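Me: Please show me the protein. Then we can go through it in questions and answers.

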Amino acid sequence: MRVHPSILSADFTDLAAEVRRIPTADAVHVDVMDGHFVPNLTLGLPVVERLAQVSDLPLDCHLMVEAPDRWAPAYAEAGAAGVTFHAEAAAAPVRLARELRRLGARAAVALNPATPVEPWVDLLGEVDMVLLMTVEPGFGGQSFLDVVLPKVRRLRAAISAAGLPVAVQVDGGVSAETVGRAAEAGADVFVAGSAVYGAEDAAAAVEDLRTRAAAAAAGTAASAPSDRG
Ligand code: DX5
Ligand code: ZN
């Protein structure tokens with residue numbers, strides 16, 4: 001169970017200090033928005049390059065941009081540990097995922113709430129992670145969309161059936177109240193912006209989310225019918 005706080009909810013004038021608030025995190029989730037793919041504009045390559053230099057944590061870059069085929073490889077070259085592009089925006093997603101991996105990054109594809117996961121089932125071997133948006137992308141602080149949970153379950157089932165080490169990330173509205181439902185459905189990487197940076201003790205909020213996710217997943221395993229007789 002991994003927790004990736006989103007610095008979208010952090011103080012953009014002091015990002016180095018904001019990253020130091022989350023030593024308990026598994027990675028820093030960096031939301032890159034271009035004002036076209038989503039109606040919001042955040043930060044880009046120069047900021048990611050500096051963050052990669054000052055952060056002790058790996059960077060998980062979520063690109064909400066048009067033409068990721070063109071822009072995403074530079075984030076891998078800038079030192080991002082993982083680069084996520086949107087399925088709705090990529091022209092040649094298999095070629096792009098292979099390029100990101102060739103550059104040494106973990107490749108991931110993100111699906112908006114209304115984007116089906118089924119076309120990706122045969123392509124799971126091409127990615128290290130699938131991000132399922134649990135809000136419409138563009139802004140922090142929105143409410144978790146429970147309607148996405150059946151898609152989380154179908155994705156987890158497809159990954160299990162394929163026997164591949166693909167992570168399932170949920171992003172949007174993840175909080176102490178919702179993280180358990182996402183974990184129970186099969187997510188194992190949790191992005192949280194406002195739930196972490198809105199907390200007085202951001203490091204403790206990260207640990208609390210991880211504990212709740214693990215407890216929910218363990219509950220699922222415990223209640224699943226045993227096949228060992
Ligand atoms: C939304 C971003 C999310 C956002 C999550 O488009 O991709 O990463 O920061 O923020 P919360 O956790 O506040 O919903
Ligand atoms: Zn994000």
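Reply: Pro-113 sits in the loop between strand E5 (106-111) and strand E6 (129-133). Strands (E, at least two residues) and helices (H or I, at least four) are DSSP runs, numbered from the N terminus. This is a predicted model: local features need pLDDT of at least 70, side-chain atom pairs count only at pLDDT 80 or more, and totals for chains, interfaces and linings use all residues. Residues are numbered from 1 along each chain as its sequence is written, chains are lettered from A and ligands numbered from 1 in the order in which they are written, and side-chain values use heavy atoms, leaving out hydrogens and water.

Me: Is Pro-113 buried or exposed?

Reply: Buried means under 20% relative accessible area, exposed over 50%, and partly exposed in between (1.4 Å probe, protein chains only). Pro-113 has 19% relative accessibility, so Pro-113 counts as buried.

Me: Which residues is Pro-113 in contact with, leaving aside neighbours within four places in sequence?

Reply: Contact means heavy atoms within 4.5 Å. With those neighbours left aside, the partners of Pro-113 are Met-133, Val-135, Glu-136, Pro-137, Leu-145, Val-148 and Lys-151.

Me: How far apart in space are Pro-113 and Leu-132, C-alpha to C-alpha?

Reply: In sequence, Pro-113 and Leu-132 are 19 residues apart. In space, their C-alpha to C-alpha distance is 7.1 Å.

Me: What is the relative accessible area of Thr-84?

Reply: Thr-84 belongs to strand E4 (residues 82-86). Its contacts beyond four places in sequence include Asp-60, His-62, Val-109 and Leu-131. Thr-84 is buried, and its relative accessible area is 1%.

Me: Which residues have the most contacts inside the largest nonpolar core?

Reply: A nonpolar core is a set of buried Ala, Val, Leu, Ile, Met, Phe, Trp, Tyr and Cys residues joined through side-chain atoms within 4.5 Å. In soluble globular proteins, nonpolar side chains tend to be buried together. The largest core here has 65 residues. Those with the most contacts inside it are Ile-7 and Val-30.

Me: How many residues are in the other core, which lies apart from the largest one?

Reply: Among its members are Met-33, Phe-37, Val-38 and Met-64. The size of this other core is five residues.

Me: How many helices and strands are in the protein chain?

Reply: Buried residues make up 52% of the 229 residues in the chain. Its secondary structure comes to eight helices and eight strands.
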